[in-house]
Amino acid sequence: MQIKQEHKASYFLLALLIVSSLVANIIAPRLFMGFNYLLGSIPVLLVLRLYGTGWGLLTGIIAASWTYVLFGHPYAMVWLTAEPLFIGIVINRTRLNNMVLVNTLYWPLIGIPLLWFFFKFVMHLPLVGTLPAALMFWIIGITNSLIATIILQITPLHRIAGTPEESRLISIRQAIFSMMMALVVIPAIIVMIINGRAILHRNEKNIIDILHMAADNYSHSIHLILDPVRLLLKSDELDGFPDSYSKSIGIIGIWTIGQSGTAKPRYWKYSPAFNPLRFKAGQIVTDQPGIPDSVAVRDPNASRLVLLQRDYLRNHLTLIQKQTVNIWATLLDSEGSIISTTNPNIADQTRYAPRDFGEPRAIKQDIYQILPPMPTYITLWSRVQKSWYSFETTADEQLGWTWIIETPFAPFQKHLLQQQTYALLILLALCLTALAVSLKVSRRFSTSILGLAETTTGLASRVENDLPLEWPDSRLEEVALLTMNFKGVASALRSRFKELRRSHDMMEENVYTRTAELHAAKEQAERVYRLVPSGLFAVDRECKIIIWNKKAEEITGYSANEALGQSCLIFSKEPCSSSCRLYNGSMVPAENIECTIRSKDGRELTVSKNIDYLIDSSSNIIGGIETFEDITEKKELENKLRQSQKMETIGTLAGGIAHDFNNLLGAILGYAEIAREDVGIDRDSVRNSLNQVINAGNRAKDLVRQILAFSRQTEMQLIPVQPAVIIKEAIGLLRSSLPTTIEIQQDIDPDAGFILADPTQIHQILINLCTNSFHALEITGGIVTISLKKKCYSEEDLLTQPEIQPGQFVQLSVRDNGPGIPLDIRDRIFDPYFTTKETGKGTGMGLAITHGIVKSYGGFITCESDIGVGTVFDIYLPSLSQDIAPENDETTIISGRNERILVVDDEPLLLEMNKTMLEKLGYSVTVSKTSPEALASFKAQPDAFDLVITDQTMPEMTGFDLARHILQIRPDIPIILCTGYSSIISEENAKALGIKGFAHKPLNMRDLSVIIRKVLNGGNEVNI
């Protein structure tokens, strides 16, 4: 699906605003350090006004999600998400359209109460932290809604978003209000942001000065201790070291270190003397009780070690801390181990690094604000309150000692919040004052303009109806000028309306006259429509029927009341979009279009229709008109004629096939008989096999004869047949072609008698009936029962068949247990071309042919069917009065007497076979492949031949023409004309020409020997 260009721009703008709402909240605290100003609500409010409350709420949720990271708690999402929801509901459901005013009302009514509830009862924050947060959010709401309003007024965002035109309009009152608010509030916000950052910087500078001052004091005090120690480390006179001096600087022992690394005590405050001395990490290690915790001081350039009492150092630091309030000092040795500390939070620690106890934030070189690691549910305000500032500086470069000077942020935070609260109160008061003044001034300036707009709204209608006009009295020059101009327009309109009323009255009179004329013309047209001999209807541009004549009612069955106002789809078989030319915009009228419609009773009718269009004076199509005739019967007759022509073509084709097939059969039968004669009587097995070949060839010969009979090329010959034998043979053929789901059961009486019929047609009757049953059982499977028995009928039994004579009948029944034949089509099953099968599964001729064959034999056929039970067809054929013995095919072959025969045939295989067969019969044979060649041989020696045997169908010259030329040369010459099929020559034509014998291919040896002998003996013509 392709998205329109304007839609793409709208979707892109929506996505951009959603992303920018989150990004703005992320970068805003970095831009406005010291004043947590959130810019994210500006895109939220833009989405709210451009795309509706739903999208505004979603954008608000996305933008507010960053406050969880910023403030350390998720509760701000509640009042920040409720903000666009409240504004959207109020603006959509009230007349209040000022987003700044609605946002100003939201915070004291809903936002601040929600904030106070969560701060007080959920996060347990004091009022000193709640009040500045509430003021900050209120001011952010006012200023951001003002900025969003100005952006909507001065940018084309409405057009990009595709909002309705009326929502893009800006009232003059709103424009004045936004301008005045912007002139006051935005500069004030900028000043307050700058002031907030200045307050934060002053506060940090104060903390830095305090830390530096404390570091100087502690460094001075530690040097008062370390300087005497360094003198002792360098002095050579240590004997008699006085205890009083050691106590004054906290020394508990002095050792000298030898080159081997062993220590020799020079002074030891305790007794007995400790020896040997062991150190670990710069501290004395001993099991001797009573020795206090100490710190070892060793001069790298000397060989002496001094132990200082740790409590002395700690007490010294405590005295200094009392002079500096809220200062913690920690003294570290070169390994980072704590020598002494006044920080109560690390009193039990041996090592200390401030960055390991929280998240550092760099303030200045070597000065960091340490935010303690706390759970995520603790607010940022609480975390900042528990933070401290840390300053790391060198205590003694020679010893590698370091001072960590720290101070908590809580005392400074309280003072900072008080300053921010005062600033926010001043800013809020300024915003509210600007809001009130802007509302008042904008109302004052816009009242006269709105009054003029209200008066001129519907000015033409008011002037037309002589309603009073109240013009505003304004001191604004532009408004007064507009009022004067509109007064002139109103005066001109009054004069114009008077002229229009006079013209209107005259036009109404003309319209009345013209309407009467059109009404009369309409009645005449309707009379013409009713008399049109074809169906006629007309439709409007929406394909609704507006005209429906009487003939249309007769054809479709829909009355005018049922059709008028309805779509033409009520009788159309196809969807209007594909069949209706009016619908698809084709402007070419059409004639003699054939299509199928559906009548009211559900019948499908074929109609021929003509289509044209109804157009207005501007040649625009306003509808269509159509006439149609029912040609259903005509189409059925055409289909039957077309099918008949197909059958005639099939007949012609069958004749041609029969000619070639007879030639092949002649060769097969001829050579089989020659082979049978050659093998002799002693080879019974081979002789039997050849008999089977000859029998099969004779059956094929009968099949060709049936094809010719079906194609009306020859008449079938009825002979006495025993149907039981034929039916059993046909059942054997049927079994191999059926699926395993269909079972054949038979009840054949072998003594059912004889009938006068063509065996192949009896075979065809059974095949046709069984095929119908097989189609009925094709899906479900079932049983087909075939029975044959005798039946005797009297005149009373044949009352429904008055043309049938009473007597003995052979009854052939075919029964199946299929779904049955519906009653509404049962009377049509014997009609030619009627079929319920899908295309390609039947021609509708099977039962019609069966019915015709049975009638030609003097019999009748009945059908009984029950839905869900099955169908049975009963065929009754007259039985012969007495049984007839089967004809004996074994007849003696008549040999020749060396007569001379000229044989003519264009088929080399038949020609060679006939020559061999005739020579075996005892004749002298001359063969010729073409008629001209045979005629030339005969002309050369007319008396050299006793008989001429010629094929009928040959190129260049037919057998009939060859016989005529030969008889002209020698009229007494006997001629036998052979044909497999010919639509030109008949037995009567051959007899009239003087041809003595007329034979049908293929001929076996017996028939050929008989006809030759009879013709040569001068008998009458013989037909085989």
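Lys205 is exposed because its relative accessibility is 51%, where exposed means over 50% relative accessible area, buried under 20% and partly exposed in between (1.4 Å probe, protein chains only). One bit of housekeeping: this is a predicted model, so local features need pLDDT of at least 70 and side-chain atom pairs count only at pLDDT 80 or more, while totals for chains, interfaces and linings use all residues. Residues are numbered from 1 along each chain as its sequence is written, and side-chain values use heavy atoms, with hydrogens and water left out.

**Exercise 1. Find the salt-bridge partner of Lys205 and say how the two residues are placed.**

Step 1: Apply the rule, which asks for a side-chain nitrogen of Lys or Arg within 4 Å of a carboxyl oxygen of Asp or Glu. Lys205 meets Asp209 at 3.3 Å, N to O.

Step 2: Locate both ends. They sit in helix H9 (residues 172-234), 4 residues apart, or about one turn of the helix; helices here are DSSP runs (H or I, at least four residues), strands are E runs of at least two, and both are numbered from the N terminus.

Step 3: Check the cover. Asp209 is partly exposed because its relative accessibility is 36%.

**Exercise 2. Which parts does the salt bridge between Glu626 and Lys609 tie together, and are the residues buried or exposed?**

Step 1: Get the distance. The closest N and O atoms of Glu626 and Lys609 are 3.9 Å apart.

Step 2: Read the accessibilities. Glu626 comes out buried at 12% relative accessible area, and Lys609 is buried too, at 10%.

**Exercise 3. Describe the salt bridge between Glu919 and Lys915.**

Step 1: The closest N and O atoms of Glu919 and Lys915 lie 2.7 Å apart.

Step 2: About one helical turn separates Glu919 from Lys915, because they are 4 residues apart in helix H25 (residues 908-921).

Step 3: Glu919 is partly exposed at 38% relative accessibility, and Lys915 is partly exposed at 23%.

Step 4: For the total, the rule gives 13 salt bridges.

**Exercise 4. What lines the second largest cavity?**

Step 1: On a 1 Å grid over the protein atoms alone, a cavity is a set of points where a 1.4 Å probe fits but cannot get out, and lining residues have an atom within 4 Å of a point.

Step 2: Take the volume. The second largest cavity holds about 150 Å³, volume being the space filled by probe spheres set on the points, which are joined across faces, edges and corners.

Step 3: List the lining. It has 16 residues, with Asn25, Gly40, Ser41, Leu80 and Glu83 nearest the centre of the cavity. Helix H2 (41-51), helix H3 (53-64), helix H5 (76-93) and helix H7 (127-154) each give two or more residues to this lining.

Step 4: Sort by class. The lining has 10 nonpolar, 5 polar and 1 charged residues; Ala, Val, Leu, Ile, Met, Phe, Trp, Tyr, Cys and Pro count as nonpolar, Asp, Glu, Lys and Arg as charged, and the others, Gly among them, as polar.

**Exercise 5. Where is Asp972, and how far is its C-alpha atom from that of Asp946?**

Step 1: Asp972 is in the loop between helix H27 (959-969) and strand S28 (975-979).

Methods:
1 Å grid on protein atoms, 1.4 Å probe; cavity = no way out; pocket = protein on both sides within 12 Å on 5 of 7 lines; lining within 4 Å.
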